[in-house]
Amino acid sequence: MTTDAAGPALALVVAAGMLVGCGVTLLLERSLSRILLGVIMLGNGVNVLILLGGRAGAAPVVGTAPPGRLSDALPQAMILTAIVITFGLTAFLLSVSYRSWYLTGDDEVPDDIEDRQIREAAEHDNLAAVDLGGEGPDADPEQVDPEPPRRLRRGDGLG
């Protein structure tokens, strides 16, 4: 893992940087299959970076080597956790991509209609002060806080 005591090998650092860079670039695409590949590449790049943060040495089992020559077990545990998280996210994105392909025949994420209207208004420097949804500020369930449910007291409604 290291060429000397100075630090990690340059090839591993460059490989981690390339994986993270390509993964972020793929995450910015509109196709769900490319987003999925971006998540996988980004996860692998981060795993290599975590691995480079640890100390190289013998297996971290007490009694197999002097304590100063043991490798750090924390990065290894963090990588195992990151692998499980990346696998779960990959499975979720794969199911979303499959569902999108099954319903629409395409895995591209479409624009939201309101986002498109806001973008067009911003291009004309004419942002509207009205609600584009049409339901008004008092009827919009996303904008109005609901009243808390009323609790019945001992004498109310039980008599």
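I started at M18 and found it in helix α1, residues 10-27. Helices here are DSSP runs of H or I with at least four residues, numbered from the N terminus. The model is predicted: local features need pLDDT of at least 70, side-chain atom pairs count only at pLDDT 80 or more, and totals for chains, interfaces and linings use all residues. Residues are numbered from 1 along each chain as its sequence is written, and side-chain values use heavy atoms, leaving out hydrogens and water.

Is M18 buried or exposed? I noted M18 as exposed, at 52% relative accessible area. The cut-offs are under 20% for buried, over 50% for exposed, and partly exposed in between (1.4 Å probe, protein chains only).

Then I checked the helix pair. The axes of α1 and α2 (residues 32-52) come within 7 Å and cross at roughly 155°. That makes α1 roughly antiparallel to α2, a label for angles over 145 degrees.

Last, I looked for salt bridges. The rule asks for a side-chain nitrogen of Lys or Arg within 4 Å of a carboxyl oxygen of Asp or Glu. I got a count of 1 salt bridge. The side chains of E29 and R34 meet in a salt bridge at 3.5 Å, N to O. E29 is partly exposed at 32% relative accessibility. R34 is partly exposed at 44%.

Technical notes
Helices (H or I, at least four residues) and strands (E, at least two) are DSSP runs, numbered from the N terminus. Axes are lines fitted to C-alpha atoms, for helices over the stretch in contact, and angles run from 0 to 180 degrees between N-to-C directions. Angles under 35 degrees count as roughly parallel, over 145 as roughly antiparallel, 65 to 115 as roughly perpendicular and the rest as oblique.
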